[in-house]
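Subject: Structure for your review

Dear colleague,

Please find below the structure that I am handing over to you. I would be grateful if you could look through it alongside the notes that follow.

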Amino acid sequence: MRWTQTLIPTLREAPAEAEIVSHQLLLRAGLVRKLAGGVYSFLPLGLRALRKVERIVREEMDRAGAIEVLLPALQPPEIWQQSGRYETARQVLYKVYDSARREWVLSPTAEEVITLLAAAEIQSYRQLPKNFYQISVKFRDEIRPRFGLMRAREFIMKDAYSFDVSDEAAQQSYQRMYDAYTRIFARCGLRTFPVEADTGVIGGTLSHEFMVPAETGENEVAYCEACGYAANVEKAVSGVKAESAPGGAATPGPEKFATPGVQTIEDLTRPPYNVPAARQIKTLVYLVESRPLIVLLRGDDQLNEAKLAARLGTTTFRPATAEEIFTLLGAHPGSLGAVSSTLPGAAPPVWADERLRGATDMTTGANEDGFHLRHVDVDRDLRVNEWADLRTVRAGEPCARCGKPLQIRRAIEVGHVFKLGTKYSEKLGSGFIDESGVRRPCVMGCYGIGVTRTLQAVIEQSHDADGIIWPVSVAPYEVCLTPLQMSPGSPVREVAERLYEALQREGIEVILDDREERPGVKFKDADLVGFPFRVNIGEKSLARGQVEIKRRAGGALEVVGVDEAAGRVATLVREARAALQVGG
């Protein structure tokens with residue numbers, strides 16, 4: 001390809017809309033352009049890089065035994081109602097209407113569609129296992145699209161769905177996808193690490209996310225360097241324990257005391273009360289599908305709503321308003337508690353975080369504005385209906401597995417694997433006749449990769465002050481030929497044309513910068529776009545019978561003879577390709 005025959009609209013300055021480096025470089029390197037919030041057009045170089053990511057994904061999916069299909073993006077809402085996700089996923093669903101005012105859903109994912117397809121086509125255990133995948137456009141109604149392709153309303157995703165005869169067989173399918181994902185991201189030049197994850201509205205019994213470490217990531221991951229434990233903070237647990245009274249001493253019954261003006265945990269830590277946050281009980285009230293629920297945590301802990309959602313089995317809940325709480329408990333936030341004697345007769349259920357189990361000598365609200373209770377023994381004085389891990393872990397807490405300190409880091413999620421069990425197959429009728437003639441539901445798994453997000457994650461992880469540093473596996477072109485002048489008949493141009501043809505014959509993806517621009521402009525653009533290798537051809541070097549080969553990663557410069565240049569460049573490219581191949 002010649003630079004003048006394609007479209008590479010580079011920008012010297014980052015648009016104000018771009019908040020993170022990878023988003024800035026997507027725009028500055030002329031890879032994409034914004035049409036609307038969360039909606040982007042791919043330009044020629046961006047599309048070439050995207051297609052390379054897709055090719056790697058396809059090769060590894062095929063290698064793992066998955067079968068490619070293409071499913072409808074336009075889906076009837078009835079199938080989402082049948083699965084139960086019409087309500088649980090309603091916040092992300094795009095709904096459109098045809099000329100007859102019939103409602104349709106724009107696909108954010110395809111569990112319902114593929115399960116119905118399997119229900120119609122798979123009848124016997126002899127047809128299993130099966131794993132179907134597609135690479136297609138998805139739609140999610142992001143309230144706040146941001147960071148370019150990282151959180152977009154329209155994006156490209158690879159989604160796969162496995163069907164097995166048993167839980168053991170499904171675990172094998174899960175492992176094959178897990179291993180395939182490891183290879184995919186390694187071939188894309190990404191450093192990733194898998195973490196235990198919450199299954200969210202998709203559901204299931206087991207889940208891992210593949211994370212790219214990045215300070216700009218929207219996810220937080222807790223991990224232990226000593227034993228290798230890693231989990232999204234939505235799922236992570238630690239080894240912290242409940243606190244009893246000093247020395248384990250017995251405490252008297254709850255004692256009421258006045259706390260005028262106290263509204264927060266922090267207020268109660270100050271004089272004259274001086275109650276540490278760790279010795280307070282935080283009382284929250286939620287409405288879960290319109291039904292009230294009291295949630296208790298230690299005063300210095302934060303509720304993890306993803307854990308609450310997983311335990312509830314729904315995302316349809318919200319904090320109650322001050323007015324709703326007063327109607328329910330007779331007090332306003334700041335004076336709330338769950339001591340049995342202070343709760344109304346028809347009190348809502350009480351859920352408590354495991355860290356409170358066995359805690360003594362605690363302080364909590366008295367369900368009377370301006371009053372609290374001290375000397376509260378959780379097991380003795382509270383009526384807890386359910387115990388659950390509901391808190392968010394913090395850096396420095398002991399690892400639940402080995403006791404060493406946990407660390408927290410930010411990361412970008414690029415892939416997610418789920419073991420679904422029979423959640424969808426039972427609701428949508430996907431089953432098989434086993435060897436004994438009994439009909440059983442298929443055991444399913446689902447596996448997603450954000451293809452467009454993966455592309456941007458490569459940039460986020462691999463760049464410098466001058467621009468992108470593409471791994472050769474996903475670079476729009478592997479080599480940029482940069483003649484420093486393009487005058488007709490000049491020796492520089494003639495050598496550039498010969499090298500261009502020779503590299504093409506070698507199977508090297510090469511772009512010839514045939515613009516009549518200053519050398520500095522060409523160098524800056526090549527570095528901004530991030531071609532792995534640049535070949536500089538100038539009059540001075542040609543007078544010595546040489547050209548320069550510059551590696552984008554590290555900037556190493558190599559001077560070679562003109563006659564050796566094509567062979568040397570081809571060798572460097574093939575070595576770079578080989579370094580990103582993954583066996584196994």
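This is a predicted model: local features need pLDDT of at least 70, side-chain atom pairs count only at pLDDT 80 or more; totals for chains, interfaces and linings use all residues.

Domains

The domain assignment of the protein lists domain 1 as 16-71 + 107-220 + 407-460, domain 2 as 242-388 and domain 3 as 477-580. Taken over C-alpha atoms, the centres of domain 2 and domain 3 are 68 Å apart.

Two helix pairs

The crossing of H2 and H12 is right-handed. On the H2 side, the residues in contact are Gly46, Ala49, Leu50, Val53 and Glu54, and they meet Val451, Thr452, Thr454 and Leu455 of H12. Sorted by class, this contact of H2 with H12 comprises 5 nonpolar, 3 polar and 1 charged residues.

The other pair is formed by helix H13 (residues 491-505) and helix H16 (residues 562-579), which pack at an angle of about 35° with 10 Å between their axes. H13 and H16 also make a right-handed crossing. H13 contributes Val495, Arg498, Leu499, Ala502 and Leu503 to the contact, while H16 contributes Val562, Ala565, Ala566, Val569 and Ala570. Of the residues in the contact of H13 with H16, 9 are nonpolar, none is polar and 1 is charged.

The sheet

In general, the strands of a sheet pair through backbone hydrogen bonds, in either a parallel or an antiparallel manner.

What is the order of the strands in the open sheet of 3 strands? The order is S13-S19-S18, and the pairing is antiparallel. Strand S13 (255-258) and strand S18 (362-365) are the edge strands, each pairing on one side only. On average, neighbouring strands of this sheet are turned by 30° against each other, with direction ignored.

S13 and strand S19 (residues 371-376) run antiparallel and are joined by 4 bridges. Within S19, Phe371 is the bridge partner of Ala258.

Yours sincerely,

A colleague

Conventions: Residues are numbered from 1 along each chain as its sequence is written. Side-chain values use heavy atoms; hydrogens and water are left out. Domain bounds come from an automatic or database domain assignment. A crossing is left-handed if the near helix is turned anticlockwise from the far one by less than a right angle, and right-handed if clockwise. Contact means heavy atoms within 4.5 Å. Ala, Val, Leu, Ile, Met, Phe, Trp, Tyr, Cys and Pro count as nonpolar, Asp, Glu, Lys and Arg as charged, and the others, Gly among them, as polar. Axes are lines fitted to C-alpha atoms, for helices over the stretch in contact, and angles run from 0 to 180 degrees between N-to-C directions. Two strands pair if DSSP finds at least two bridges between them.
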